[in-house]
Each structure stands twice: as C-alpha cells, then as structure tokens.
Amino acid sequence: MSDAPLRYRRVLEQDLPRIMEIEAAGFLHPWSEQMLRSEISHAWSVVLGAAEDAPGPERLLGYIIFWLVHDEVHVLNVATAPEARRRGVGRALMEQASAHGRQRACRLVTLEVRRSNAPALGLYRGLGFRQVGVRPKYYAEEGEDAIIMTLDLDPR
Ligand SMILES: CC(C)(COP(=O)(O)OP(=O)(O)OC[C@H]1O[C@@H](n2cnc3c(N)ncnc32)[C@H](O)[C@@H]1OP(=O)(O)O)[C@@H](O)C(=O)NCCC(=O)NCCS
C-alpha cells in the first residue's frame with residue numbers, strides 16, 4: 001500500500017464481500033452480511049468506504065457505519081483492513097463521520113467501545129473523544145464492559 005491520499009464513497013451492495021473480509025479480520029463477532037446489507041439500505045444510516053485515491057483498480061481499505069439521528073452522529077462500526085492499519089485510515093473515516101454530522105447541524109458524536117480495545121480507544125482519544133459512561137458487561141459473550149464516549153462537534 002502506498003501513501004496516496006484517500007477518497008471516500010458510499011458502500012454499495014457489490015462491496016459487501018470486501019466489507020465482510022475487513023469485518024472478519026477486525027472483530028471477534030463480525031456483523032453478518034444481512035446486518036451490513038440492512039445498514040446500506042436504511043435512510044438514517046451512512047456506510048462510507050475509504051480507498052486510495054490512485055489510478056488502477058479500487059480496493060477498499062476501511063469503512064465506517066454511522067447513524068444521523070436528530071442532532072447526534074452515532075458511530076456503530078469502524079474498521080481498517082489489517083494491511084492498511086496505522087496509516088490514518090481510521091482517523092480519516094472518523095473525521096468524515098464528524099464532517100457529515102456538521103453538515104447536518106449535529107452537535108455530538110457518540111459511540112461504544114470495548115474496554116480492552118486499545119487501538120480504538122487510542123484512535124478516539126486522539127480525536128478528542130471523552131469517556132462519559134460505562135455499560136457494564138454490554139458485550140455479553142465475554143462479559144466485557146462498553147465504554148461510552150462522546151465528542152462535541154463545534155461548527156466550523
Ligand atoms: C481501531 C482501528 C479502526 C484503527 O484504524 P487505523 O486505520 O489503524 O487507525 P489510524 O492509523 O487512523 O490511527 C489513528 C490513531 O489511533 C491510535 N491507534 C491506532 N492503532 C493503534 C494501536 N494498535 N495501538 C494504539 N493506538 C492505536 C493512534 O493514536 C493512532 O495515531 P498514530 O498512528 O498517529 O499514533 C483498527 O485498528 C481496526 O480496524 N481495528 C479492528 C476493528 C475495531 O476494533 N474497530 C473499532 C470498533 S469500536
């Protein structure tokens with residue numbers, strides 16, 4: 001992978017095999033194809049993919065799923081393909097979600113993250129997210145807590 005800039009676009013049905021590949025590599029309990037498909041179809045849900053802005057065949061490197069509900073952006077899922085990690089893809093996708101929120105006059109971004117997920121916690125903290133609560137044993141299979149985080153969106 002080069003250091004080409006990224007471009008972003010809505011994820012389509014035809015992207016699902018690649019999205020599922022990234023999902024399977026990133027999570028202990030990956031979302032099913034059906035769950036991903038329904039996010040693509042919901043009016044309130046945005047599924048954005050990131051790819052290198054370079055000539056040649058496109059390969060999605062990561063994606064983010066978020067809901068725009070009232071004045072909040074709720075991030076449900078963000079993942080970067082293993083070979084593309086630590087190159088700013090996750091941060092850029094989170095910034096895209098915030099930018100969508102600002103366009104819709106949202107004032108807050110919210111999300112839940114596993115207490116043990118150090119890479120994700122590092123990503124969110126680096127973007128200015130604050131811990132505002134804990135949902136004890138939210139991830140029932142492992143009995144793991146969810147950390148609830150929020151970011152205030154200042155209009156720009
Ligand atoms: C979390 C995840 C999306 C980060 O994606 P990424 O594209 O590698 O992240 P970035 O390169 O944009 O990193 C941005 C910052 O996040 C933090 N970060 C990312 N990976 C990290 C790691 N392994 N350990 C500690 N901090 C990390 C760092 O602060 C990093 O900034 P830096 O590289 O300048 O130090 C990725 O690790 C992933 O897909 N994980 C599996 C899926 C997942 O857990 N998603 C989150 C669900 S809540």
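**Entry 1. Ground rules.** I numbered residues from 1 along each chain as its sequence is written, and side-chain values use heavy atoms, with hydrogens and water left out. As the model is predicted, local features need pLDDT of at least 70 and side-chain atom pairs count only at pLDDT 80 or more, while totals for chains, interfaces and linings use all residues.

Entry 2. I looked up the volume of the largest pocket and found about 1200 Å³. A pocket is an open set of points on a 1 Å grid over the protein atoms alone, where a 1.4 Å probe fits, with protein on both sides within 12 Å along at least five of seven lines. The volume is the space filled by probe spheres set on the points, which are joined across faces, edges and corners.

**Entry 3. The lining.** I noted 34 lining residues (each has an atom within 4 Å of a point). Nearest the centre of the pocket lie Phe-27, Val-78, Asn-117, Ala-120 and Tyr-124. Strand S4 (72–80) gives the largest share of the lining, seven residues. Helices here are DSSP runs of H or I with at least four residues, and strands are runs of E with at least two, numbered from the N terminus. By class, I recorded 17 nonpolar, ten polar and seven charged lining residues.

**Entry 4. The ligand.** I found that the ligand sits in the largest pocket (more than half of its atoms lie within 2 Å of the grid points). The elements that give two or more residues to the shell around the ligand are S4, H3 and H4. H4 gives the most, with five residues. The shell holds 19 residues (each with a heavy atom within 4 Å of the ligand), and the closest are Val-78, Gly-88, Gly-90, Arg-91 and Asn-117.

**Entry 5. Polar contacts.** I looked for pairs of N or O atoms within 3.5 Å. A side-chain N or O atom of Asn-117 is 2.7 Å from an oxygen atom of the ligand. For Gly-90, a backbone N or O atom lies 2.8 Å from a ligand oxygen atom.

Note on methods:
Ala, Val, Leu, Ile, Met, Phe, Trp, Tyr, Cys and Pro count as nonpolar, Asp, Glu, Lys and Arg as charged, and the others, Gly among them, as polar. A polar contact is a pair of N or O atoms within 3.5 Å; within protein, one must be able to donate a hydrogen and the other to accept it, and residues adjacent in sequence count only if both atoms are side-chain atoms.
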